[in-house]
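Let's take a walk through this model together. Keep the sequence and the 3D view open as you read.

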Amino acid sequence: MNSGRAPRRPTGRRSVLPTGRRLRAVQPTPRRRPRGALLSAAAVAVSALTLSACSGGGTSGGGGDTNFVTNTGGISTVAKGERKPVNTIAGETLEGEKLDVADLKGKIVVLNVWGSWCGPCRAEAPHFAKVSEETEAKGVAFVGINTRDPNKGPALAFEEDYGVRYPSLYDPTGKLIVTGFPKGNLNPQAIPSTIVLDREGKVAARSLMALDETKLRKMIDPLIAEK
């Protein structure tokens, strides 16, 4: 008997078998990435963070058993008994002379990583030039590590423009930055970075940002006062 109702139109959402059983939508199984691929991706991410270019602020941190204290000003320091020596940091300067940081043992050494193309490096350069001259008589030696400049011309012009008279090791590929500092310590991880060594050639302080005269002296003065 006809009830007068219009036949229902199929909605298109589900298929119905002749027996009345409904078909379930099959969800695709997610493909798992090989473990090696995941590890490779993680390694690339870590490498990208190792030396971020031209950082204006930077973040303080260190891997492993560093035992450092980070001040609110973004300067990380290490207690005297917990400091570690740097590895070999040696090579040719922008002027073509040989320089080995190990020969400066007995002095406080300020290592500044910079590039002529880096805006924050240009901002801090006059402060470094001034403080380097004013602290030389107190046993402080400044050494730059010039990086990512494909040729020396712009870097030499940078030194002349800002009155930088201390030497800079020429490290266009960043090799010294990677190999010169022990793992698990306060390494340079940005451009600019500043590492200060005590008189025994051990890492005592680090900053990952551009410094003015006040902040630079805050890294150096405690080491000058150390006995």
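In which loop does N187 lie? N187 sits in the loop between α4 (175-179) and β8 (193-197), where helices (H or I, at least four residues) and strands (E, at least two) are DSSP runs, numbered from the N terminus. Before we go on, a word on the ground rules. Residues are numbered from 1 along each chain as its sequence is written, and side-chain values use heavy atoms, with hydrogens and water left out. You're looking at a predicted model, in which local features need pLDDT of at least 70, side-chain atom pairs count only at pLDDT 80 or more, and totals for chains, interfaces and linings use all residues.

Back to N187. Is N187 buried or exposed? N187 is buried, because its relative accessible area is 19%; the cut-offs are under 20% for buried, over 50% for exposed, and partly exposed in between (1.4 Å probe, protein chains only). If you set aside the neighbours within four places in sequence, N187 is in contact with F181, P182, I195, R206 and L208, contact meaning heavy atoms within 4.5 Å. P192 is found in that loop between α4 and β8 too, and the peptide bond leading from I191 to P192 is cis, with omega near 5°.

Now step into β8 itself. Why call this strand largely enclosed by the rest of the structure? Because 5 of the 5 residues of β8 are buried. Both faces are covered: S193, I195 and L197 are buried on one side, and T194 and V196 are buried on the other.

Which strands pair with β8? Strand β5 (residues 108-114) runs antiparallel to β8, with 5 bridges joining the two, and strand β9 (residues 203-207) also runs antiparallel to β8, joined to it by 4 bridges. Pairing here takes at least two DSSP bridges between two strands. I195 and R206 both turned up among the contacts of N187. The hairpin of β8 and β9 has 5 residues between the strands, and G201 in that hairpin takes a positive phi near 80°.

For a positive phi on something other than glycine, hop over to R148, which is not a glycine and has a phi of about 60°. R148 is placed in the loop between β6 (140-147) and α3 (152-162). With a relative accessible area of 36%, R148 is partly exposed.

On to the charged side chains. Side chains of opposite charge can pair when their charged atoms come close. The structure holds 9 salt bridges, each being a side-chain nitrogen of Lys or Arg within 4 Å of a carboxyl oxygen of Asp or Glu. One of them links K202 and E200, at 3.5 Å from N to O. K202 is partly exposed at 24% relative accessibility, and E200 is partly exposed at 46%. Salt bridges that share partners also join K130, E134, E213 and R217 into one network.

Let's look inside that network. E134 and K130 meet through their side chains at 2.8 Å, N to O; both lie in helix α2 (residues 119-135), 4 residues apart, about one turn of the helix. E134 counts as partly exposed at 37% relative accessibility, and K130 is partly exposed, with a relative accessible area of 37%. K130 forms a salt bridge with E213 as well, the closest N and O atoms being 3.0 Å apart. K130 lies in helix α2 and E213 in helix α5 (residues 213-225), so this pair ties together parts that are 83 residues apart in sequence. E213 is partly exposed, at 22% relative accessible area.

What about the cysteines? C118 is buried, with a relative accessible area of 0%, and C121 is buried at 2%. The disulfide count comes to 0, taking a disulfide as a pair of cysteine sulfur atoms within 2.5 Å.

Finally, how confident is the predictor? The chain averages a pLDDT of 80, and 68% of the residues score at least 70; pLDDT is the predictor's confidence in each residue, from 0 to 100. Over residues 10-30, pLDDT stays under 50, and the model has 7 contacts beyond four places in sequence for that stretch. Residues 33-50 also have pLDDT below 50, with 5 contacts in the model beyond near neighbours in sequence.
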